[in-house]
Structure formats: structure tokens, C-alpha cells
Amino acid sequence: QVQLVESGGGLVQAGGSLRLSCAASGRTFNNYAMGWFRQAPGKEREFVAGITRSGGNSYYADSVKGRFTISRDYGKNTVYLQMNSLKPGDTAVYYCAARQDGDNWGKYWGQGTQVTVSS
């Protein structure tokens with residue numbers, strides 16, 4: 001079992017930046033690939049970014065590619081999402097997720113953090 005706690009959300013103007021953090025506790029952090037998802041009102045939860053257990057590979061939704069960067073710090077058991085050039089369409093609740101090899105996303109979620117981008 002791994003527990004995930006997000007922080008860093010808030011209100012920002014379009015074009016601004018935010019950095020989300022997700023602190024993981026419980027089982028060994030490097031046993032899990034980590035990811036970020038988001039859910040806007042009235043929409044399905046969607047994948048935003050993911051990073052492998054080793055941190056050697058990261059991947060992104062097309063909608064955020066070139067603007068968002070996912071990273072992880074093994075000393076702090078934390079994964080980050082740096083969000084630049086934010087748009088009103090990025091407004092959503094952002095969720096941290098963890099996944100073990102062979103599992104799909106969805107077993108481990110954080111509680112979510114609200115990001116609101118004003119125009």
C-alpha cells in the first residue's frame with residue numbers, strides 16, 4: 001500500500017506557472033511508476049503525465065507536451081509536476097497516481113488538488 005498526498009494547487013493567471021507536489025509514503029517509492037491525472041467539471045478523468053520507476057522515461061498527453069514536466073525525487077519520495085504557460089483549459093482537480101509493474105493506473109490515488117487558471 002502507498003499513500004499519496006498532493007499539494008501546490010491554486011489560482012493563477014493564464015500564462016503563469018505552478019508546481020504540484022505529491023508526497024508518497026508507505027511502500028518503497030521506487031517500486032512505483034508515478035503519474036498525474038486531472039478531472040475538469042463534467043469531464044472524465046484524463047492522463048496528464050507519467051514517469052517510470054527509474055525516472056529514466058517520462059511521457060505526456062499531447063495537450064500538455066512542451067508545457068508540463070514531470071520529475072521525481074527519491075530522497076524525498078516525491079513526484080512533481082511543473083506546469084508552465086498555463087491555459088484556462090488546464091483548470092481541473094489534479095490527482096497523483098502510483099502504479100506497480102503489471103498494474104493499470106487506478107489502484108492508488110491522492111486526494112486531489114485544485115488548479116484554476118483565469119483568463
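A residue counts as buried when its relative accessible area is under 20%, as exposed when that area is over 50%, and as partly exposed in between, using a 1.4 Å probe and protein chains only. By that rule Asp90 is buried, with a relative accessible area of 2%, and this briefing starts from there.

Welcome to the structure, which is a predicted model: local features need pLDDT of at least 70, side-chain atom pairs count only at pLDDT 80 or more, and totals for chains, interfaces and linings use all residues. Residues are numbered from 1 along each chain as its sequence is written, and side-chain values use heavy atoms, with hydrogens and water left out.

**Asp90 and its surroundings**

- Asp90 sits in the loop between strand E8 (78-83) and strand E9 (92-99); strands (E, at least two residues) and helices (H or I, at least four) are DSSP runs, numbered from the N terminus.
- Which residues is Asp90 in contact with, leaving aside its neighbours within four places in sequence? They are Arg38, Arg67, Phe68, Ser85, Val115 and Val117, where contact means heavy atoms within 4.5 Å.
- The side chain of Asp90 also meets that of Arg38 in a salt bridge, at 2.9 Å from N to O.
- Arg38 belongs to strand E4 (residues 33-39) while Asp90 is in the loop between E8 and E9, so this pair ties together parts that are 52 residues apart in sequence.

**Salt bridges elsewhere**

- A salt bridge here is a side-chain nitrogen of Lys or Arg within 4 Å of a carboxyl oxygen of Asp or Glu, and the structure holds five of them.
- Arg38, Glu46, Arg67 and Asp90 are linked in a network of salt bridges.
- Arg53 forms a salt bridge with Asp101, and the closest N and O atoms are 3.4 Å apart.
- That pair ties together parts that are 48 residues apart in sequence, because Arg53 lies in the loop between strand E5 (46-51) and strand E6 (58-60), and Asp101 in the loop between E9 and strand E10 (108-109).
- Arg53 is partly exposed, with a relative accessible area of 35%, whereas Asp101 is exposed at 54%.
- Another salt bridge joins Asp62 to Lys65, with the closest N and O atoms 3.0 Å apart; Asp62 counts as exposed, at 67% relative accessibility.

**The disulfide**

- How many disulfides are there? The count comes to one, a disulfide being a pair of cysteine sulfur atoms within 2.5 Å.
- The disulfide joins Cys22 to Cys96, with an S to S distance of 2.1 Å.
- Cys22 lies in strand E3 (residues 18-26) and Cys96 in strand E9, so the pair ties together parts that are 74 residues apart in sequence.
- The torsion about the S-S bond of Cys22 and Cys96 is about -80 degrees, which means that the disulfide is left-handed.
- Both Cys22 and Cys96 are buried.

**Two residues with positive phi**

- Most residues other than glycine have a negative phi.
- Asn77, however, has a phi near 50 degrees, a positive value. Asn77 is found in the loop between strand E7 (68-73) and E8, and is partly exposed at 27% relative accessibility.
- Ser85 has a positive phi too, near 50 degrees. Ser85 lies in the loop between E8 and E9, and is partly exposed, with a relative accessible area of 41%.
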